[in-house]
Amino acid sequence: MLNASHQTQPVVVTTPQGKAHTATVIFLHGIFQSGEKIRQTVGALLGDELRFEHIKVMYPTAPVQPYTPNKGKACTLWYDRYDRRPGVPEMTDSVNEVVPRLTAIIDDEIKNGVPPHRILIGGFSQGGAMAVHVAYRFRHDVGGVFAMSTFLNDDSAVYTYVAEASNDYKAPLLVCHGISDKLIACEWGRAMHKRLIELGVPSEFCEFRDVGHEMNRDELLQVVEWINKILPQ
């Protein structure tokens with residue numbers, strides 16, 4: 001049983017504008033954030049709620065747990081890491097601990113009539129990396145992944161799983177990164193994109209000038225365009 005700090009918090013949901021709900025986007029926040037906070041940030045940047053005629057948008061909140069790079073202080077995060085650099089070993093066991101709550105969201109959407117290929121998962125910063133783990137290690141049937149301002153460790157289990165995957169289908173990936181990101185270098189995101197392409201993932205990389213470790217309106221518009229392409233009405 002999970003302790004109090006790991007209890008599941010309510011998932012913030014934006015319902016479709018139209019009558020028919022035929023697809024779902026699961027949007028994961030970064031460290032120190034929450035589902036409600038990233039929903040508000042996205043809405044402020046776009047000038048309105050991230051909303052579609054036919055797509056439900058879901059914003060889960062990560063559990064509160066100790067974060068090693070933050071001197072062990074607790075915060076909302078999807079998984080722990082030894083350091084915020086790709087060259088250190090990945091704490092894969094920590095990643096695995098939170099996966100069931102995210103795959104459960106996907107399973108619930110499928111039970112409600114949304115086919116897996118009509119479900120996208122993505123996110124910002126560590127949320128983007130978590131989405132990559134979920135899609136390419138545990139839920140190969142999702143329709144796509146978007147990852148903004150993020151990276152994978154050089155020894156990430158994702159690379160091993162994708163290399164050894166027996167299925168031919170690999171979900172399309174959109175990677176977005178600010179060139180001026182001083183927290184998670186743009187080259188780290190590009191390296192993830194290149195390695196996954198080499199392993200057969202249809203990945204697209206978009207970089208944005210004068211953008212640091214933050215979401216940007218142009219970046220979000222790129223993501224919205226991509227979502228509409230992958231999940232048409």
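Arg195 is placed over the face of Tyr159, at 3.7 Å from the ring centre, where a charge counts as sitting over a ring if NZ of Lys or CZ of Arg is within 6 Å of the ring centre and within 35 degrees of the ring normal. Arg137 likewise lies over the face of Tyr161, at 4.8 Å from the ring centre. The structure is a predicted model, in which local features need pLDDT of at least 70 and side-chain atom pairs count only at pLDDT 80 or more, while totals for chains, interfaces and linings use all residues. Residues are numbered from 1 along each chain as its sequence is written, and side-chain values use heavy atoms, with hydrogens and water left out.

Rings of Phe, Tyr and Trp (its six-membered ring) were taken as paired if their centres lie within 6.5 Å, with planes under 30 degrees apart counted as stacked, over 60 as edge-to-face and the rest as tilted. By this rule there are 5 aromatic pairs. One of them joins Phe27 and Phe146 edge-to-face, at 5.2 Å centre to centre and with 75 degrees between the planes. This pair links distant parts of the chain, 119 residues apart, since Phe27 belongs to strand β2 (residues 23–28) and Phe146 to strand β7 (residues 144–148), strands being DSSP runs of E with at least two residues, numbered from the N terminus. Phe27 is buried, with a relative accessible area of 1%, and Phe146 is buried at 0%, where buried means under 20% relative accessible area, exposed over 50% and partly exposed in between (1.4 Å probe, protein chains only). Phe27, Tyr59, Phe146 and Trp226 form one aromatic cluster.

Terms used. Helix = DSSP H or I, 4+ residues; strand = E, 2+ residues; numbered from the N terminus.
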